[in-house]
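Try each task before reading its solution.

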Amino acid sequence: MTNIKSSSLGYPRLGEKREWKKALESFWAGTMGEEDFERRMKELRLSFLKKQKEKGLDLIPIGDFSCYDHMLDTAVMFGIVPKRFGKSAGRVPLSTYYAMARGTDKAPACEMTKWFNTNYHYIVPELEQSEPFLTENIPLKFYQEAKKELGIEGKPVIVGPITFVKLSKGYEPEEFSSYVDKLLPLYETILTELEEAGASWVQIDEPILSVSLSDDEWQILKQTYEHLTTAAPHLKILLQTYFGSVDDYQRMISLPVAGIGLDFVYGRSETLHNIHVHGFPSDKVLAAGVIDGRNIWRADFREKLGLLEQLKEIVREENIMVQPSCSLLHVPVTTELEKDIPQVLQDSLAFADEKLMELAVLKNPSAHEDILENSLRSREALAQSSFRCLSRPSDIKEIRDSRPLPFAERQKLQEEKWNLPLLPTTTIGSFPQTREVRVKRRDFRKGDISKQEYVQYIQKRIEEWINIQEDIGLDVFVHGEFERNDMVEFFGEKLKGIAFTSYAWVQSYGSRCVKPPIIYGDVEYIKPMTVEETLYAQSLTDKPVKGMLTGPVTILNWSFVRDDIAEKEVCEQIAVAISNEVKALEEAGIEMIQVDEPALREGMPLKEKEWQEYLDWSVRAFRIATSQVKDTTQIHTHMCYSEFDDIIEDIRALDADVVSIETSRSHGELIKAFETGQYDKGIGLGVYDIHSPRIPSVHEIKDMVERALRVLPPSLFWVNPDCGLKTRKESETTAALKNMVQAAQDVRLSV
Ligand code: GLN
Ligand code: ZN
């Protein structure tokens with residue numbers, strides 16, 4: 001038995017079978033009343049705490065549970081409710097809480113954005129005109145609840161003031177400190193009341209410290225924590241960072257807090273370096289995030305125990321806590337329900353519950369020899385399995401990562417070949433996925449309908465939409481993606497080395513969950529994945545049908561990825577696999593091919609100094625996937641965002657013949673990035689917002705195109721919607737596309 005304690009930063013909200021999601025959605029649909037809903041939430045909340053207790057966790061996080069999102073909870077606790085949701089004096093009602101998250105007929109929802117570099121999205125608090133006040137001490141409420149109901153002496157978790165304000169919007173940079181000042185007394189009250197109620201630890205999350213803070217901001221942080229410690233001198237503050245090494249370690253360890261939480265998984269070597277070079281204060285507790293909170297592999301105990309040995313040389317054992325590198329929110333609940341994946345993979349996985357077990361092992365290795373050995377054996381078995389034992393195919397090294405001719409020359413050849421009108425019109429890939437389409441796919445999966453019936457059904461949809469596209473008068477068609485449930489899963493299931501679980505869901509935003517594929521072995525191409533549907537579509541029309549693929553970077557970024565080789569290498573393997581599909585399409589006569597990379601930006605590291613390395617290998621992967629084609633083959637790509645300024649050179653380096661991007665929600669700002677003429681390849685600016693059911697008028701689309709043409713040459717310009725249309729209704733889609741085509745035709749007359 002060691003003197004090390006175990007702790008955790010947060011637990012998944014979803015429940016083993018997404019019970020949480022179901023409750024939220026029933027409540028929203030009105031089939032569950034508010035009282036029942038509150039009862040259900042409490043039940044889930046307590047059951048999660050109980051489970052953590054049973055796993056032997058010493059410090060159990062409290063108040064990380066949420067009915068939607070923890071940033072929204074914090075905003076609402078501080079009465080930060082935008083005026084459009086009505087006045088609220090005291091406690092914010094649940095209806096207002098969900099109105100902020102989801103919007104209403106009268107008030108658009110608050111913005112939602114990526115939580116650091118994860119696939120979780122938080123609700124962005126709007127600080128303007130707000131006079132924060134404490135509507136309710138929520139950490140206290142849950143602390144008391146856990147104590148009373150379960151006898152758990154928990155560790156309340158709060159988003160820290162610096163991170164909270166930094167991630168909020170609606171203020172000028174110079175107002176930063178005044179907003180922190182406004183919140184400070186509220187934090188003080190929370191802490192004082194927790195202290196009075198007998199809490200011994202509180203975890204204050206400041207993940208922003210892993211990104212970067214200015215000198216002034218550090219100063220503000222320091223003063224803030226001085227105030228907080230003074231306000232509640234007997235409450236121990238654990239200042240928690242995660243998602244990377246801290247920006248300024250020395251400043252961090254000199255803060256007057258009782259404990260410091262560091263990430264020893266992401267940014268491991270920097271964190272270790274810091275601790276070796278600068279030491280660690282003997283009066284503080286080190287909460288060491290040694291278990292990977294974001295990936296799903298069993299821990300390598302040899303490495304973890306070695307790491308702990310290193311830490312013990314610097315920090316006294318009784319001052320060490322072991323914990324996951326971040327909240328377990330980002331991993332699924334338990335591997336126990338998985339039955340349909342290869343055994344050797346199943347044995348190598350650790351989700352939230354299994355990670356808690358791993359903490360128990362680290363705390364007391366001699367009591368858990370069996371788990372220790374088992375874990376080492378499983379990791380070894382996977383490493384030695386045929387999935388990972390392939391010697392690298394030699395073509396990887398020799399494969400081309402650039403097209404033989406530069407864009408300007410390809411463009412001439414492509415113009416001759418395709419003979420498209422000026423400002424060609426097209427769409428991004430998917431057409432509406434009606435209930436019927438989803439039901440057919442599911443029936444086929446379950447074996448309820450035959451392959452033949454299914455294929456015929458898909459062909460019928462393709463035919464229907466080829467006819468609609470003819471009617472509308474689009475220039476470049478797509479087949480509509482009716483056979484795809486999800487743009488990554490569809491390809492993942494057809495490639496070697498990628499597995500799909502049954503229950504491994506994680507929260508993406510609100511009740512929306514994703515079940516990321518697991519890339520566990522060498523990724524390899526097996527056989528054509530999209531040729532049949534695309535060819536069928538092409539057989540029905542004289543217009544070109546664009547092939548439609550998901551790019552390697554997106555497949556990588558939306559998956560859980562093996563951790564034994566570099567991501568860059570995994571990405572390269574996927575790129576080679578996708579390049580085979582590109583070639584298969586080309587050989588079948590499909591010579592306009594779109595390779596979507598909506599997640600290219602999502603994979604960007606938090607620290608700016610690491611961006612270029614990531615961009616270099618991810619751009620190269622895209623180029624590997626798309627360069628093995630003839631000069632006349634036209635490669636398109638699509639991205640779902642519009643912030644381009646800082647990566648425009650990298651987008652250019654993708655060397656796609658046409659890139660389509662989202663613009664309609666950026667209020668024309670994007671065009672600025674292109675004003676300088678730095679972008680000199682084909683570009684399709686999304687001319688209307690597909691996220692809204694509203695049908696854009698011919699006039700407004702025309703306006704948008706004309707505005708763009710003031711800075712972009714018409715010969716490079718394409719007209720398309722912002723993104724795929726799978727979430728829209730059929731009638732909305734056809735009406736909007738008709739207006740889009742009309743607008744393009746009108747503009748053609750005047751350029
Ligand atoms: N081709 C995909 C579609 O249209 C692109 C989706 C995306 O960009 N997220 O659905
Ligand atoms: Zn998109």
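**Exercise 1: burial of a cysteine**

Task: Decide whether Cys723 is buried or exposed.

Solution: Cys723 has 25 C-beta neighbours inside 10 Å, so this residue counts as buried. The scale is as follows: buried takes 20 or more other C-beta atoms within 10 Å of the residue's own, exposed 12 or fewer, and partly exposed lies in between, with C-beta atoms placed from the backbone. Next, place Cys723 in the fold: it sits in the loop between strand E21 (717–720) and helix H27 (730–750). Helices (H or I, at least four residues) and strands (E, at least two) are DSSP runs, numbered from the N terminus.

A word on the model: it is predicted, local features need pLDDT of at least 70, side-chain atom pairs count only at pLDDT 80 or more, and totals for chains, interfaces and linings use all residues. Residues are numbered from 1 along each chain as its sequence is written, while chains are lettered from A and ligands numbered from 1 in the order in which they are written.

**Exercise 2: the annotated site**

Task: Work out why His638, Cys640 and Cys723 gather at one spot.

Solution: UniProt, in an unreviewed entry, lists these three under "binding site"; such annotations may be inferred rather than shown by experiment, and positions follow the numbering used here, with feature names shortened. They span 86 residues in sequence, yet no two of their C-alpha atoms are more than 8.0 Å apart, so they gather at one spot.
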